[in-house]
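Colleague: Let us go through this model together. I will ask, you answer.

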Amino acid sequence: MTSKLSLWTVRPKPQPDELLSSWMVRAAEMSGQKLHSWCTDRWPGVQLWTRDLDLSAPPQIIADMTIRTAADPELARRTSLQAFEGVLHPAVDRSALARFIRPLGVYHRVRRGFGLWFCPACLSEDAKPYYRRTWRLVGFACCTRHGLVLVDRCPSCAAPVIPHRGGMIECHDCGTDLRTAECLIADASVLQLQHHCQRVLDGAPVQAAGLPDLHPMSFFALLNRLLMLMAAGPRRGRLLGTLDGLLAQPIIRHEEGVRKELRFLPPAVTHEAMRGVALLLRGWPYMFVGVMAEAGIWWSWATRDAKPNQLPFTYIEPVRRYLYTASAS
Ligand SMILES: [Zn+2]
Ligand SMILES: [Zn+2]
């Protein structure tokens with residue numbers, strides 16, 4: 001159906017960590033056409049921007065982008081969040097969306113949610129600014145390159161970031177340059193943990209003390225569970241109080257901190273929670289067991305918010321082994 005003759009005149013290559021939607025917006029910008037016309041010319045009759053393209057692009061779109069820009073097929077495949085299947089979660093379906101990927105709140109061509117975050121320093125440094133895959137992932141609160149906490153909204157009007165409406169560097173609503181947003185400095189332990197997570201997403205083995213040869217999906221399931229404990233777990237106040245005694249700086253309690261759904265946690269709240277996760281993971285499971293016992297979060301509390309068979313084995317095993325004391329519960 002497609003041949004070399006159908007290569008587009010302007011052929012931007014995807015960056016190794018770029019989102020599909022970002023790649024498409026850049027391609028349209030470089031062609032000089034408006035995004036809507038650029039898309040209609042290539043895929044007449046296909047409604048592209050009324051869905052979360054990074055999550056559920058029609059396969060033909062990725063195939064066309066690959067062939068007609070002569071892109072590396074593997075790099076092109078990785079622009080879709082579906083590429084995280086089998087690494088982050090068994091399938092990038094509704095349950096993955098609920099636990100590992102932040103939703104955009106798609107409403108026609110608008111986005112009402114704050115699921116796409118960004119690093120202003122990255123956008124400033126990029127020769128051609130683009131949006132990274134990890135800027136959609138639950139628990140990934142930082143830019144490991146610049147050591148900053150990511151930003152989830154326009155610094156002037158607080159609108160969500162919608163590159164397909166406003167372009168890569170401007171707020172779609174008020175035109176403010178997103179690169180002027182101020183960022184918090186990220187904690188070193190969170191940066192270190194996230195750096196490792198990024199390497200695991202790219203295929204490196206899990207290397208954490210006490211977790212040798214752990215499958216990436218088990219690793220991310222454990223992180224997700226610990227993040228939930230920090231954000232909204234049973235006896236959360238006691239847990240934070242115990243951690244405060246072990247951390248150089250106490251964990252900041254944000255008002256919106258207690259939320260049952262991790263995908264809606266804002267960047268600063270996620271970052272604070274990940275400080276606790278990084279500590280709990282240290283020398284797994286002994287730091288975790290010690291902190292939980294000190295906080296009085298024994299078996300029944302540690303499993304109160306979920307059925308044990310729904311909790312990751314890597315979490316439930318030390319809880320059962322070390323925190324199961326009938327008298328203490
Ligand atoms: Zn950055
Ligand atoms: Zn704005």
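Colleague: Is C157 buried, exposed or partly exposed?

Modeller: This is a predicted model, where local features need pLDDT of at least 70, side-chain atom pairs count only at pLDDT 80 or more, and totals for chains, interfaces and linings use all residues. Residues are numbered from 1 along each chain as its sequence is written, chains are lettered from A and ligands numbered from 1 in the order in which they are written, and side-chain values use heavy atoms, with hydrogens and water left out. Buried means under 20% relative accessible area, exposed over 50%, and partly exposed in between (1.4 Å probe, protein chains only). C157 has 33% relative accessibility, so C157 counts as partly exposed.

Colleague: Which residues are the protein donors of the zinc ion (ligand 2)?

Modeller: Donors are N, O and S atoms within 2.8 Å of the metal (3.2 Å for Na, K and Ca); water is not among the atoms, so sites may look incomplete. Here the donor atoms are SG atoms, lying 2.2 to 2.3 Å from the ion. The sequence spacing is C-x2-C-x13-C-x2-C. The donors are C154, C157, C171 and C174.

Colleague: How many residues apart are C157 and C174?

Modeller: Helices (H or I, at least four residues) and strands (E, at least two) are DSSP runs, numbered from the N terminus. The zinc ion (ligand 2) has both cysteines among its donors. C157 is in the loop between β4 (148-149) and α8 (163-166), and C174 is in the loop between α8 and α9 (188-201); they are 17 residues apart.

Colleague: What is the geometry at the zinc ion (ligand 2)?

Modeller: Four donors count as tetrahedral if all angles lie between 85 and 135 degrees. The angles among the four donor atoms here are 105 to 116°, and the site is tetrahedral.

Colleague: Which residues coordinate the zinc ion (ligand 1)?

Modeller: The spacing of the donor residues is C-x2-C-x20-C-x2-H. The site is tetrahedral, with angles of 102 to 115° among its four donor atoms. Distances are 2.1 to 2.3 Å, and the residues are C119 (SG), C122 (SG), C143 (SG) and H146 (ND1).

Colleague: Which residue forms a salt bridge with R26?

Modeller: A salt bridge is a side-chain nitrogen of Lys or Arg within 4 Å of a carboxyl oxygen of Asp or Glu. R26 is in helix α1 (residues 20-31), and counts as buried at 5% relative accessibility. Contact means heavy atoms within 4.5 Å, and R26 touches residues including K128, P129 and Y130. Its salt-bridge partner, at 2.7 Å (N to O), is E18.

Colleague: How many residues apart are D52 and R136?

Modeller: Their side chains meet in a salt bridge (2.7 Å, N to O). D52 is in the loop between α2 (35-42) and α3 (53-56), R136 in the loop between α7 (120-125) and β3 (142-143), and they are 84 residues apart.

Colleague: Which parts does the salt bridge of R275 and D187 tie together?

Modeller: The N to O distance is 3.6 Å. R275 is buried, with a relative accessible area of 5%, whereas D187 counts as partly exposed at 25%. R275 lies in helix α12 (residues 267-281) and D187 in the loop between α8 and α9, so the tied parts are 88 residues apart in sequence.

Colleague: How is the aromatic pair of W299 and Y324 arranged, stacked or edge-to-face?

Modeller: Rings of Phe, Tyr and Trp (its six-membered ring) pair if their centres lie within 6.5 Å; planes under 30 degrees apart count as stacked, over 60 as edge-to-face and the rest as tilted. The structure holds nine aromatic pairs. W299 and Y324 are 5.4 Å centre to centre, with 70° between the planes: edge-to-face.

Colleague: Which ring does R102 lie over?

Modeller: A charge sits over a ring if NZ of Lys or CZ of Arg is within 6 Å of the ring centre and within 35 degrees of the ring normal. R153 has its charged end over F114, 3.9 Å from the ring centre. R102 is at 3.4 Å from the ring centre of W117.

Key:
Tetrahedral: all angles 85-135°; square planar, octahedral: opposite > 155°, others 65-115°. Lists of a residue's contacts leave out its neighbours within four places in sequence.
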